[in-house]
Amino acid sequence: MQCNAPFTGLTIDPAGWITMCCNSSDREQFGVKITDVPDLQEFWRSAQWDKLRSDMNWLGLRSIKECSVCSKAIDRGQKAEVHNYNQYLYQNSTDGKIKYLEMTTSNVCNQSCAMCTSYFSTKWRKIEKKMPEWSRAGSPTHSLSDESIDKIMQVLPTLERLNIKGGEPFADLNNLSILQQLAETNPECNVIITSNFQSIPKQWYEPLKKLKNLVIGASIDGTHKTYDWIRGGNFENTFWNIKDFEEEVGVRPCINMCISVYNVYNLKETQDFFKGYTQNFYNVVTLPAYLSPGILNLEKLKDMLLKQFEHDKSRISPNLWNVEVPTGPEGENKDELIEKFFEYTVSLNKVRGFNIFDVHPELTKIF
């Protein structure tokens, strides 16, 4: 199997590392940050990238070690990022220009999702001190320099697709500058933004309205108290921000769910709550391994899913249906991961100020 990613563009991660895609198993794949290259276009046509394209073209996905995440998912019959790239991206850039850019301008964020770390969210920096030592990423604040933003600006006119992630995109004014420039120079570009919708200042609405092909995803991992606990935000606030965005910008967000051990009992409720919205629910946590649904009793998990979705099994994520028993990065087995799950959850209960086991007592019974 091949992937279109190397033939169409590149990805810039929160620390500035340039990678083939967001699913690369090695963020330092090329050992190059955006600060290291004078020009993104030039690097994309470099010998390093040409070799990657050649390997993908002649040997396929499995020949590239950084593609192991997708390869393993395919083996399990799951949907992987490669399927998104092959569905939405073009096979070749006919004029030799970068057509796809995925970028994270910083890890500045206003939420502290249970599955996340300080590498992707600055909100986690203080919280990590209250969590088990083995769970701490200890990442500093990352933010692209003005020079790096200028390099991104240079490729905007020829882009066909721009994917903005975070951190939280609307918490970084560099993204506002980029979108304003894109709206003026390339308003037909397909723009995908992934936001938690905790706060979108009105100043963002004007450039967003000028974009002809805007898709925006709202990261919603549950409803009400489940959402509040998992994301460290406020569900009611997020919901009304979504409604306000729809009215002001004229675009209905897509509901993106990240399925962890914490919200498997809340899946149908969440999907029903957002009936009428496009929903993506294939993303299932694999890391950290102790928050993967795979640590649950898999037979009981499947029984529970069948009861939740007895009238429409198509609403069950194939990645959840085929979830595997995880192994931790330190070689931890399932019992060791369950111990980590409880230690981690008890610590986060204290941070949140209420107990997820009170919200979902089933979590204590399914192991």
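The aromatic pairs in this predicted model come to 24, counting rings of Phe, Tyr and Trp (its six-membered ring) with centres within 6.5 Å. Local features need pLDDT of at least 70 and side-chain atom pairs count only at pLDDT 80 or more, while totals for chains, interfaces and linings use all residues. Residues are numbered from 1 along each chain as its sequence is written, and side-chain values use heavy atoms, with hydrogens and water left out.

**Aromatic pairs**
- Phe43 and Trp49 sit edge-to-face, 5.7 Å centre to centre with 80° between the planes; edge-to-face means over 60 degrees, stacked under 30, and tilted the rest.
- Phe235 and Phe239 are stacked, with centres 6.5 Å apart and planes at 20°.
- Phe235 is buried at 2%, and Phe239 is buried too, at 16%.
- One aromatic cluster takes in Tyr227, Phe235, Phe239, Trp240, Phe273, Phe274 and Tyr277.

- Helix α10 (residues 224-231) packs against helix α11 (residues 235-249) at about 100°, axes 8 Å apart, so the two are roughly perpendicular (65 to 115 degrees).
- Axes here are lines fitted to C-alpha atoms over the stretch in contact, with angles from 0 to 180 degrees between N-to-C directions.
- His224, Tyr227 and Asp228 of α10 meet Phe235, Glu236 and Thr238 of α11, where contact is heavy atoms within 4.5 Å.

Key
Helix = DSSP H or I, 4+ residues; strand = E, 2+ residues; numbered from the N terminus. Parallel < 35°, antiparallel > 145°, perpendicular 65-115°, else oblique. Buried < 20%, exposed > 50% of the residue type's maximum accessible area, 1.4 Å probe, protein only.
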